[in-house]
Amino acid sequence: MAAQIGTYDLAGEKLLLQQIAMGDETAFKSIFDAYKARTFTFVVNFIHSKADAEEIVQDTFMSLWQNRNTLTTVEHPRNYIYTVVRNKTMRYLSNVARDEKMMKVVWANMQVEVNPTEEAMQMRESKELINKALSMLSEQKQMIFRMCREQGMSHENIALETGLSKSRVKNIMVEILKYIKVFLSRNSLIIGLFWSFLSFF
Amino acid sequence: MSQTKEQFEALLSKYLDKSCSLNEVKELFSYVGNPEYQERLEIVMDKHYKTLVPGAEVHDVDWEEMFNSIVDDRKKTKVRSLWSRVIPIAAAIIVVVSAGMLIWGNQQEKNQKTQTASIKKDIAPGGNKAILKLADGTEIVLDGHSTGMLANEDGTKISKTADGMLLYDATKSTGHVTAAATENHINTLSTPSGGQYMLILPDKTKVWLNAESSISYPSVFAGEERNVSLIGEAYFEVSKDKQHPFKVKAGAAEVKVLGTHFNIMSYAQEGQTQVSLAEGSVRVDLGNDSKVLSPGQQASIKAGSTHITLRNVDIDEVTNWKNGLFQFDNTPLEQVMRQIERWYSVDVVYEGVKPDLYITGMISRSNNVSKILTLIEETGGIEFEIGDKQIVVKKSKRR
């Protein structure tokens with residue numbers, strides 16, 4: 001049990017929740033800072049996507065803040081917060097279980113990143129494959145990829161446009177490229193390919 | 001491949017290690033969809049959470065930005081997102097609420113005072129929405145009122161005929177389609193939380209799909225058997241065809257039918273699979289155990305069990321969801337709340353000890369959640385707090 005330093009301050013955290021219930025942002029920041037890393041790592045470990053884990057963690061804290069009036073009688077803050085995260089993660093996994101495409105995305109995210117080599121590419125052929133790979137991803141991901149590649153938008157501008165955080169946009173792009181690469185390596189002999197082309201993102 | 005605890009834990013271990021193959025990932029997720037393994041997964045998760053050490057990936061998130069967007073958000077009115085869902089179904093609500101009959105009671109003392117759910121927000125009910133995935137991987141979102149032909153697969157015309165109904169018309173398929181050719185041409189219809197849909201299969205079998213469910217089937221039934229698989233809940237009216245038995249795979253069970261009307265409930269959360277027969281005849285197979293049902297009977301398979309239990313049920317109660325009604329008969333509160341979770345797309349959180357309450361009654365699924373919660377509160381001893389995509393259950397302060 002290497003993770004905990006000292007014993008858990010139950011009374012202290014219950015008090016923080018009381019303060020949060022009254023709208024105290026500083027108290028909320030304390031809880032947020034205390035749990036952001038653990039909850040995030042937990043979700044990433046179970047779903048293998050930093051972008052989606054960010055969404056789940058954000059939803060969790062958003063839910064805590066927006067429903068803060070219900071925090072007054074929470075008996076065990078740590079378990080309460082964990083339960084919300086766990087339930088959202090279970091729901092995510094249940095959705096993946098019903099969708100084979102998502103399973104492939106999850107698996108692609110598990111693959112280790114290999115340093116790209118720069119080689120001459122055969123644009124035309126690979127472009128079709130890239131589009132095919134893209135078509136397997138969600139609408140949102142396709143849109144973000146197009147904004148980045150076709151419209152040349154920066155991550156910051158994409159973030160503004162979509163309402164997502166910059167880090168989320170970046171993680172999504174990284175995951176899309178990873179997916180395309182894994183997809184291509186399974187479907188084409190041209191591997192090293194336009195990694196140099198894609199590396200502009 | 002038979003599923004075992006050891007296999008599940010081995011796969012899960014590899015998954016967490018990131019050392020599994022694509023097939024192993026698929027195999028692992030087949031466990032995730034199975035009610036038997038839900039609890040086991042939770043145990044692993046709980047242990048993992050307590051002992052994990054946050055890693056370098058934590059630096060790939062902009063936490064300042066996240067915090068700011070959460071606290072700034074309180075200034076925006078959340079009402080807008082509710083209205084956009086309420087308005088299209090407002091007509092349905094007006095008609096159906098007046099027709100809803102309500103009979104409430106439970107095993108505890110009835111509370112004389114009426115209480116209203118503390119409503120700062122309310123949550124609109126689910127509606128007709130689903131995602132159809134074709135054999136080639138194309139996904140079509142079925143949401144909205146447009147009708148018309150969607151696709152053509154193996155000679156079968158796929159069209160959306162009315163709000164909430166999908167039709168597979170195989171009558172004009174030309175030439176012979178072999179079983180081998182269509183084996184891999186599987187379509188999947190999935191509903192999200194808060195979604196429901198009706199489907200007419202290529203053999204004219206009717207399927208009503210409840211929320212958080214998905215059904216997989218071929219675009220043409222060309223083999224000896226008509227095979228489909230189900231996660232979640234669906235009601236079937238199978239078209240008669242003695243030569244080609246209709247089989248549904250749900251969790252660990254397989255249901256074989258000739259021509260009949262029945263309901264299958266197989267959600268991972270409920271910890272069991274239940275097959276209830278309205279009309280006709282079905283056989284339920286689970287490993288070595290096999291039971292034939294008569295109308296009015298229900299076969300129940302608890303997660304982890306190797307045998308099937310039969311009992312008599314009120315079939316209307318089991319299938320009323322497809323008629324747009326929630327129906328409960330001495331149903332434990334937790335089960336009621338899980339149905340609410342799936343239909344209203346919310347998380348339910350319990351404060352303190354879970355109340356020992358049983359609910360009996362019937363109410364339309366078209367109501368906003370507050371209506372149902374208010375009625376449950378009236379039975380006494382319990383209070384609900386409706387939040388944003390969340391409902392908190394607590395002991396009532398009043399007696």
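This is a predicted model: local features need pLDDT of at least 70, side-chain atom pairs count only at pLDDT 80 or more; totals for chains, interfaces and linings use all residues.
Student: What percentage of each chain counts as buried?

Tutor: A residue is buried if 20 or more other C-beta atoms lie within 10 Å of its own, exposed if 12 or fewer, and partly exposed in between, with C-beta atoms placed from the backbone. In chain A, 43% of the 201 residues are buried. In chain B, the buried residues are 37% of 399.

Student: How many residues of chain A are in contact with chain B?

Tutor: Two residues are in contact if their C-beta atoms, placed from the backbone, lie within 7 Å. Here, 49 residues of chain A are in contact with 44 residues of chain B. On the chain A side, the elements giving two or more residues are helix H2 (25-47), helix H3 (50-66), helix H4 (77-97), H5 and helix H9 (166-187). H2(A) gives the most, with 13 residues.

Student: How do the residues on that side of chain A divide into nonpolar, polar and charged?

Tutor: Ala, Val, Leu, Ile, Met, Phe, Trp, Tyr, Cys and Pro count as nonpolar, Asp, Glu, Lys and Arg as charged, and the others, Gly among them, as polar. The side of chain A that touches chain B has 24 nonpolar, 13 polar and twelve charged residues.

Student: At what angle do H5(A) and H2(B) pack?

Tutor: Axes are lines fitted to C-alpha atoms, for helices over the stretch in contact, and angles run from 0 to 180 degrees between N-to-C directions. Angles under 35 degrees count as roughly parallel, over 145 as roughly antiparallel, 65 to 115 as roughly perpendicular and the rest as oblique. Helix H5 (residues 100-110) of chain A packs against helix H2 (residues 22-32) of chain B at about 125 degrees, with the axes 10 Å apart. The pair H5(A) and H2(B) is therefore oblique.

Student: Is the crossing of H5(A) and H2(B) left-handed or right-handed, and which residues meet?

Tutor: A crossing is left-handed if the near helix is turned anticlockwise from the far one by less than a right angle, and right-handed if clockwise. H5(A) and H2(B) cross in the right-handed sense. From H5(A), Met103(A), Lys104(A), Val106(A) and Trp107(A) meet Leu22(B), Val25(B), Lys26(B) and Phe29(B) of H2(B). That contact has six nonpolar, no polar and two charged residues.

Student: How do H1(A) and H2(A) cross within chain A?

Tutor: The axes of helix H1 (residues 10-21) and H2(A) come within 8 Å and cross at roughly 135 degrees. H1(A) is therefore oblique to H2(A), and the crossing is left-handed. Leu16(A), Gln19(A) and Ile20(A) of H1(A) meet Ala27(A), Phe28(A), Ser30(A) and Ile31(A) of H2(A). The residues of this contact comprise five nonpolar, two polar and no charged.

Student: In what order do the three strands of the open sheet in chain B run?

Tutor: Two strands pair if DSSP finds at least two bridges between them. The order is S20-S23-S22 in chain B, with mixed pairing. The edge strands, each pairing on one side only, are S20 (347-350) and S22 (382-387) of chain B. The twist averages 20 degrees from one strand to the next. S22(B) pairs with S23 (residues 390-395) of chain B in the antiparallel sense over six bridges. The bridge partner of Ile386(B) in S23(B) is Ile391(B).

Student: Where is Lys18(B) found, and why does Lys18(B) count as partly exposed?

Tutor: Lys18(B) sits in the loop between helix H1 (5-17) and H2 of chain B. Although not a glycine, Lys18(B) has a positive phi of about 65 degrees. Lys18(B) counts as partly exposed because it has 13 C-beta neighbours inside 10 Å.

Definitions and conventions
Residues are numbered from 1 along each chain as its sequence is written. Chains are lettered from A and ligands numbered from 1 in the order in which they are written. Helices (H or I, at least four residues) and strands (E, at least two) are DSSP runs, numbered from the N terminus.
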